[in-house]
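Thanks for coming, everyone. I would like to take a few minutes on one structure, starting with a charged pair and ending at the ligand.

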Amino acid sequence: MSITDTRTVGSIVGGQAREDGQRVESRNPANLEEVVCEAVLGGAGTFVDACRAARAAQREWAAVPAPVRGNAIKEIGRLVEENKETLARLVTREIGKPHPESLGEVQEIVDTCDFFVSEGRRLYGMTVPSEMPDKQLFTFRNPVGVAAIVTAGNFPVAVPSWYIVPALLCGNAVVWKPAEYAPGLSDALARLFIAGGLPDGVLNVVQCDGPTAFEGLEQALEERLVDKVGFTGSSPVGARIGELCGRHVQSPCLELGGKNPLVVMPDADLDLAVEGSLFSGFGTAGQRCTSLGTAIVHRSLHDEFVGRLSRAVEEAPIGDPFADVLYGPMIHERFQERFLGWLGLIEGHHSVSGSSATGRITSDNPRAGFVGDPDAGLFCHPTIVDGVRAEDAIYATETFGPIIGVAEFDDLDEALALANGHGYGLSAAIYTNDPKSVFRFRSGVSAGMLSVNNSTSGAEAHLPFGGNGRSGNGSRQSGVWVLDQFTRWQAMNWDYAGKLQKAQMDVAELSGDPGFRLDRS
Ligand code: UN1
């Protein structure tokens, strides 16, 4: 059976399929006639049951030696790699990502598994000298327990793997609530994970909508069934999750929105900056948390930059995500409606360029060179808003979709003020060849991730990923940094002196005159 043979998809709780609940269809956003699968959405009770199943399975999983848990991750990575093309095709069918981007998304899971396989043979603690003789100090990483992971639909398999792979490797059990508009993908990924050798209950999947998951999480936290929450999604929902976790003295891992700046310095390679802006702003139809928000361009290059970028956007093919296009459809109707709402922010505001039309691409509101049938799916025109200033609503609003703003600056301090002023701090880019500008920008920008002469999106899978301010609470995913999300440090001291030694009080003195006395008389 192929991993994509899933006509009806339900939750997986303690290794059992749950097929009771409201039935919804998942449709191909590039061709709404095509039903990708049918999903059964569970209730808050399903979420709580999944947390119970995870709680019951976690201790035994934690007792499996970490290198053996690593072997399961190795097997999962191999299975994902073997199914790369099939899974990538499903990414394109279910959420409309252009096929090369979908392949990249699946590769990100493989890279994540590769990294954490060997982490199973590290998970290093330390041996630390004691201040007393015949005593040794140690640190150990312990699993946190049950991790509840809530993820978004724009990276329906890669971003979940950033949480689930390290969480499992560290000995936690997981309850995953994927985006309800990508159920075929979450089911396929979960089946690959389970086929990799996870015992029942170690990975549970709850297909449900956001408010239901929130209700379930509230109850599960109340019953002390969840020890860590991971959330990727919007800043307002992240704030609510942070509040809820705070009530239970927990700090969640929050990966939230962005309004990512791309600064073009006067010495920039303009072709490179235009190419980077095109990919950052319009790749995945602007539906990445790392998508370009505002290009902040030095006044001396502004007109040339806007002219070249507008031309590049005009000429870019848009449409069928299986064809060679810059971008395909919006992920889901909900994303399209929200995006069309944001377009209200620019009405009558500034000159709009990049395309003669805005809003939905249809046969009545066409785009030249569109690839495929625009009426079949959820396609939107690309929009460039010039003349953005710090006081404009669009400057501080994350507009998840194919739209970017352009602002001008005269000196680097002004560029930095524009890069930071909205309070988001996820990703930023600077185009320059001047090391002084690079390092002044690096230390001045609030973003957690920074590119020099590259786009705001496209983070590699083993560097810390995450943001500050409205973009997150400082938690980081990926690489060794995520281990601090899914383990807790335990300190141990071992005294073999055979008598009680008191820290700070029984500390041995150096014999003789220390010779360093400062005599104040
Ligand atoms: C996201 O949009 O939530 O850096 C994650 C990137 C991707 C991940 C984006 N590797 O654009």
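This is a predicted model: local features need pLDDT of at least 70, side-chain atom pairs count only at pLDDT 80 or more; totals for chains, interfaces and linings use all residues.

Let me begin with Glu34, which is partly exposed at a relative accessible area of 25%, where buried means under 20%, exposed over 50% and partly exposed in between, with a 1.4 Å probe and protein chains only. Residues are numbered from 1 along each chain as its sequence is written, and side-chain values use heavy atoms, with hydrogens and water left out.

Glu34 forms a salt bridge with Arg93, the closest N and O atoms being 2.7 Å apart; the term requires a side-chain nitrogen of Lys or Arg within 4 Å of a carboxyl oxygen of Asp or Glu. This pair joins distant parts of the chain, 59 residues apart, with Glu34 in strand S5 (residues 31-41) and Arg93 in helix H3 (residues 84-95). Helices (H or I, at least four residues) and strands (E, at least two) are DSSP runs, numbered from the N terminus. Arg93 is also partly exposed, with a relative accessible area of 25%.

By that rule the count comes to 25 salt bridges, and one of them, between Glu75 and Arg78, has an N to O distance of 2.6 Å.

Now to the ligand: which residues are closest to it? Among the 13 residues that surround the ligand, the closest are Arg288, Cys289, Thr290, Gly458 and Ala459, where a residue is near if one of its heavy atoms lies within 4 Å. An N or O atom in the side chain of Glu108 is 3.1 Å from a nitrogen atom of the ligand, and a backbone N or O atom of Gly458 lies 2.9 Å from a ligand oxygen atom. A polar backbone atom of Ala459, in turn, is 2.7 Å from an oxygen atom of the ligand. Taken alone the ligand exposes 320 Å², of which the protein buries 98%, with accessible areas from the Shrake-Rupley method and a 1.4 Å probe.

Key:
A polar contact is a pair of N or O atoms within 3.5 Å; within protein, one must be able to donate a hydrogen and the other to accept it, and residues adjacent in sequence count only if both atoms are side-chain atoms.
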